[in-house]
Amino acid sequence: MDTASDGGPVLIGANWYRFRSGERISHAHVQSVSFVWVAHGTGTIVSGGQSFAMTTHAILRLPWRHDVHYRPDAHSPFHVGIIHLIPWHDAAVPVEPRVAFQSGDALVTAPWRRAAALGEHPVMMSSRSISGRNVIALASHGVERFLTGRTGEAPLRALGVLISDESSDWAATESVAQGFPTLLDLMIDCILRNIDRHLTVAEIADAGQCSITTTERLFARYTGLSVIAWSRLRRMQEAALLLRTSDLRVNEVARHVGYVDPLYFSRVFSGVYGVAPSKYASSQLRP
């Protein structure tokens with residue numbers, strides 16, 4: 001039985017690619033788990049017989065040994081970021097930072113590279129979800145490392161672990177063929193614009209012009225949280241950022257994220273971060 005010390009995930013490729021109008025790229029067999037997100041523009045990615053509408057609101061994870069077909073929009077072709085992970089790479093074998101995608105490549109059958117689990121499917125996540133945003137941030141750092149040639153084995157393994165961990169709870173049982181819905185983006189925008197208010201689910205649903213039931217279903221599917229839980233967590237993230245990057249007092253931060261009672265705010269914050277807001281950034285050097 002393999003143990004954690006025997007190996008783990010590793011980043012082996014990363015790049016930006018700007019498509020031209022009418023350009024088509026296809027790969028029949030990519031020996032990696034890939035993450036693709038859009039910097040700007042739009043287009044479609046086809047994989048595993050499914051079609052995914054790609055905008056700046058989504059990040060797509062493609063499973064081990066996937067096929068992929070890029071179809072940029074004719075008028076606004078997408079500019080994408082893409083990274084490639086090996087889910088499990090033997091710790092005793094030096095990492096070769098290269099993606100195997102051609103049938104004659106020896107790495108295609110290399111026993112030190114393999115999937116962590118079989119039977120996975122493509123899955124799309126909102127780039128505005130906490131997990132989606134974090135994966136894009138980590139992946140973007142990975143791209144910059146490859147572009148500047150800083151591909152030492154230790155950081156590539158570390159990034160592989162972080163990205164795999166951050167995306168580990170993405171629901172891969174139901175693929176999203178229509179991409180990230182615009183109405184959910186409208187509802188998230190509404191929450192962010194009103195971060196100092198506790199909007200009701202009905203108010204949020206109105207922003208997306210859909211029912212409360214549909215609102216709850218979309219948030220659960222794309223963020224893994226209920227509407228209220230996502231809103232609360234987003235307010236706590238904003239509060240944590242303010243505590244780290246400003247000299248606002250706790251009661252001022254509380255009001256900024258919609259809490260009139262600073263004691264109640266403190267309880268909620270402590271429940272999320274495990275420490276009182278008054279102590280959260282007390283030992284941090286600022287600036």
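The legends below describe close-up views of a predicted model.

Local features are given at pLDDT of at least 70 and side-chain atom pairs at pLDDT 80 or more, while totals for chains, interfaces and linings use all residues. Residues are numbered from 1 along each chain as its sequence is written, and side-chain values use heavy atoms, without hydrogens and water.

**View A. The open sheet S2-S7-S4-S5.** Four strands, in the order S2-S7-S4-S5, make up an open sheet with antiparallel pairing; two strands count as paired if DSSP finds at least two bridges between them. Strand S2 (25–30) and S5 are the edge strands, each with a single partner, so one side of each has no neighbour in the sheet. On average, neighbouring strands are turned by 20° against each other, direction ignored. Strands (E, at least two residues) and helices (H or I, at least four) are DSSP runs numbered from the N terminus. Within the sheet, S4 and strand S7 (residues 66–72) are antiparallel and share 4 bridges. Val46 is placed opposite His69 of S7.

**View B. The S4–S5 hairpin.** Strand S4 (residues 43–47) runs antiparallel to S5 and is joined to it by 5 bridges. Thr44 has Ala53 of S5 as its bridge partner. The two strands form a hairpin with 2 residues between them, and Gly48 in the turn has a positive phi of about 60°. Buried means under 20% relative accessible area, exposed over 50%, and partly exposed in between (1.4 Å probe, protein chains only).

**View C. Surroundings of Asp90.** Asp90 is located in strand S8 (residues 79–90) and is partly exposed, at 23% relative accessible area. Leaving out residues up to four places away in sequence, Asp90 touches Asp6, Gly7, Trp112 and Arg157, where contact means heavy atoms within 4.5 Å. Gly7 and Asp90 are separated by 83 residues in sequence, with a C-alpha to C-alpha distance of 4.4 Å. The backbone nitrogen of Ala92 is reached by the Asp90 side chain at 2.8 Å.

**View D. Asn194 in the H3–H4 loop.** The loop between helix H3 (182–193) and H4 contains Asn194. Asn194 is buried, with 19% relative accessible area. Its side chain reaches the backbone oxygen of Cys190 at 2.8 Å.

**View E. Packing of H4 and H5.** Helix H4 (residues 201–208) and helix H5 (residues 212–223) have axes that come within 9 Å and cross at roughly 85°. The axes are lines fitted to C-alpha atoms, for helices over the stretch in contact, and angles run from 0 to 180 degrees between N-to-C directions. H4 and H5 are therefore roughly perpendicular; that class covers 65 to 115 degrees, with under 35 roughly parallel, over 145 roughly antiparallel and the rest oblique. Val201, Ala202, Ile204 and Ala205 of H4 meet Ile212, Thr215, Glu216 and Phe219 of H5.

**View F. Packing of H6 and H8.** The axes of helix H6 (residues 227–245) and helix H8 (residues 262–273) are 10 Å apart, at an angle of about 95°. H6 and H8 are therefore roughly perpendicular to each other. From H6, Arg232, Leu233, Met236, Gln237, Ala239, Ala240 and Leu243 take part; their counterparts in H8 are Phe265, Val268, Phe269, Val272 and Tyr273.

Definitions and conventions:
Polar contact = N/O pair within 3.5 Å; in protein donor to acceptor, adjacent residues only side chain to side chain.
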